[in-house]
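This briefing covers selected side chains, grouped by topic. Please read it alongside the sequence and the coordinates.

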Amino acid sequence: QDDSGITCLAGNPVLPDAHGQSLNRQLAAARIQQDLFQEHASALIECRGTYCGVAYSRNKEQLHLFVDKLGCRPIYYTLQKGKLYFSTALRVLEELDCIERALDVYGAVEKAIFSFCLADHTGYKNIFSLVAGTHLVLDSHALKQTKYWSLQETALSGKNNSEILKAFDCEFSQAIKLRLQPEETKVNALFSGGLDSRCVVTKLWDQGIAVDTYTFGDSFSYD
């Protein structure tokens, strides 16, 4: 929070600084807020991790809602009678008497079949969710939604498998490094023995980090 406005985050934004170290939560929020209030999304484009947030600009009287590149942290919203209602949990909007709700058959069927709704649908016609890489702005004029990042647009093209694997390995190593604390030399890891945990622990070893691993499971578990 500062003179220009306020930003609230849920989740864990991982935003690198000029030296390749991850900014702490407060500095990451400040960087995101500054960029949004200047009407560009470079911080959101650079940011990793799973998170969502809301920012309010006092000067411009604008409200910004945003979700991460994968949409893992949802924001549900509805605009009714000139008011924007939003929450990270759909049940909160379901319990508000001031919100009108009408069944969306397509959304309800998607939820029944897949256990989640596709695109920006919910089980209600007038309640939507922000999809991955999306930024929503509300001001006195209108509600505007933009796509600041798309997985399809970042796909590597014109490269052979060896180049793609090298680029992926570099990105994965950087993702591990960003989540380490400065000067951290030893960590704990929940190690199931599956592909995810093995890859992460291997990369930690490659970066010279000592790792104590733990697992759990009953007598019939492969873990």
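Is Tyr77 buried or exposed? Tyr77 is buried, at a relative accessible area of 7%. The model is a predicted one.

**Aromatic pairs**

- Searching the whole structure gives 4 aromatic pairs.
- One of these pairs is formed by Tyr77 and Phe128, with ring centres 6.0 Å apart. Their planes meet at 40 degrees, so this pair is classed as tilted.
- Tyr77 belongs to strand E4 (residues 76-80) and Phe128 to strand E6 (residues 128-129), so the pair ties together parts that lie 51 residues apart in sequence.
- The two partners can be set side by side in terms of accessibility: Tyr77 is buried at 7%, whereas Phe128 is partly exposed at 29%.
- Phe168 and Phe172 form a stacked pair, because their planes are at 5 degrees; the ring centres are 6.3 Å apart.
- Both Phe168 and Phe172 sit in helix H5 (residues 161-178), where a spacing of 4 residues separates them by about one helical turn.
- Phe168 is exposed, with 56% relative accessible area, while Phe172 counts as partly exposed at 25%.

**Cysteines**

- The search of the whole structure returns 0 disulfides.
- Cys72 is accordingly in no disulfide, and the nearest cysteine sulfur, in Cys52, is 11 Å away. A disulfide requires the two sulfur atoms to be within 2.5 Å.
- Cys72 is partly exposed, with a relative accessibility of 46%.

**Glu110**

- Glu110 is located in helix H4 (residues 105-114).
- Glu110 is buried and yet has no salt bridge. Lys111 is the nearest side chain of opposite charge, at a distance of 10 Å. A salt bridge would need a side-chain nitrogen of Lys or Arg within 4 Å of a carboxyl oxygen of Asp or Glu.
- Leaving aside residues up to four places away in sequence, Glu110 touches Ser115, Phe116, Cys117, Leu118 and His121.

Note on methods. Residues numbered from 1 in each chain as written. Predicted model: local features only at pLDDT ≥ 70, side-chain atom pairs only at ≥ 80, totals over all residues. Heavy atoms only, no water. Helix = DSSP H or I, 4+ residues; strand = E, 2+ residues; numbered from the N terminus. Buried < 20%, exposed > 50% of the residue type's maximum accessible area, 1.4 Å probe, protein only. Lys, Arg positive; Asp, Glu negative; His and termini not counted. Contact = heavy atoms within 4.5 Å. Phe/Tyr/Trp six-rings, centres within 6.5 Å; stacked < 30°, edge-to-face > 60°.
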